[in-house]
Amino acid sequence: PGATVNIKLTNDEQLIKNRKVKVILTAKLNDKANVGASGNPNSVDLKYSNSYTGGGDSYTTPEDTVITYTGELKLIKKDQDAQDKPLKGAVFDIYRVVKGNESVDKKVEIDEQEVKLHKITTTSSSDEYGKITVRGLDVGTYYAIETTAPEGYSIKEDPIELRLTVSQAMGLNENGDAGDAEKVTDY
């Protein structure tokens with residue numbers, strides 16, 4: 001809270017020629033982010049002057065607040081033949097389908113088609129109750145691939161599909177979006 005970013009424009013010719021400046025603020029959630037319906041509000045306003053050389057009249061845009069939502073997946077590793085037996089020590093890599101220019105970290109076959117996956121994270125080991133929690137995920141489909149099996153067990157190599165969705169009661173669409181992805185305001 002309370003961060004300040006100063007932008008100094010140094011190319012006067014470009015600024016005079018175009019007369020408009022677009023400022024885009026991007027923030028990344030960290031491990032302290034609220035998970036679920038409360039979301040993570042992020043507010044910003046822009047203070048600027050009407051002179052590219054400094055001085056002149058000063059203005060402040062109205063404050064704009066965006067609420068970013070994040071979710072978590074809870075996994076439980078169990079013995080496939082004894083579902084009431086949780087297993088300690090399993091570790092998974094979490095992937096999603098590649099978007100844009102992201103790296104292809106693994107190729108797998110799903111429904112008889114090759115799918116290119118991008119690695120998101122590696123989980124901690126499942127605890128004594130077989131539980132693992134993965135936080136900080138966007139709405140979407142993920143794939144868990146076991147990398148370390150519990151002692152005495154073999155690795156399950158097939159990708160496990162996991163879907164993180166939102167409740168319609170939150171007022172979000174199926175992508176976890178509350179509205180327009182980019183809002184441009186002229187002042």
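Predicted model: local features only at pLDDT ≥ 70, side-chain atom pairs only at ≥ 80, totals over all residues.
Residues are numbered from 1 along each chain as its sequence is written, and side-chain values use heavy atoms, with hydrogens and water left out.

Let me begin at the surface, where Val5, Ile7, Val23 and Leu46 form a nonpolar patch with about 370 Å² of accessible area together. Patches are made of residues with over 30% relative accessible area and no salt bridge, like charges being joined within 9 Å and nonpolar side chains (Val, Leu, Ile, Met, Phe, Trp, Tyr) within 5 Å; the areas come from the Shrake-Rupley method with a 1.4 Å probe, and for residues only the protein chains shown count as cover. Val5 is found in the segment before helix 1 (12–18), where helices (H or I, at least four residues) and strands (E, at least two) are DSSP runs numbered from the N terminus. Val5 has a relative accessible area of 66% and is therefore exposed, given that buried means under 20%, exposed over 50%, and partly exposed in between (1.4 Å probe, protein chains only).

Turning to the loops, is Ser126 buried or exposed? Ser126, in the loop between strand 10 (113–122) and strand 11 (131–137), is buried, because its relative accessible area is 2%. A polar atom of the Ser126 side chain lies 2.8 Å from the backbone oxygen of Leu87, and the side chain also reaches the backbone nitrogen of Gly89 at 3.0 Å. Not counting residues up to four places away in sequence, Ser126 touches several residues, including Lys77, Ala90 and Ile132, where contact means heavy atoms within 4.5 Å.

Thr70 and Arg135 are 65 residues apart in sequence, and their C-alpha atoms are 7.8 Å apart in space.

Lys106 has Leu117 in strand 10 as its bridge partner, and the hairpin has two residues between its strands, with Asp111 in the turn having a positive phi of about 50°.

Finally, how many salt bridges does a search of the whole structure find? The search finds seven, a salt bridge being a side-chain nitrogen of Lys or Arg within 4 Å of a carboxyl oxygen of Asp or Glu. In one of them, Lys77 pairs with Glu146, the closest N and O atoms being 3.3 Å apart. This pair links distant parts of the chain, with Lys77 in the loop between strand 5 and strand 6 (78–79) and Glu146 in strand 12 (residues 140–148), 69 residues apart. Lys77 is buried at 15% relative accessible area, and Glu146 is buried at 4%.

Glu161 and Arg163 also meet in a salt bridge, at 2.8 Å from N to O; Glu161 counts as partly exposed at 39%, whereas Arg163 counts as exposed at 58%. Elsewhere, salt bridges that share partners join Glu72, Lys74 and Arg135 into one network.

Terms used. Polar contact = N/O pair within 3.5 Å; in protein donor to acceptor, adjacent residues only side chain to side chain. Pairing = 2+ DSSP bridges.
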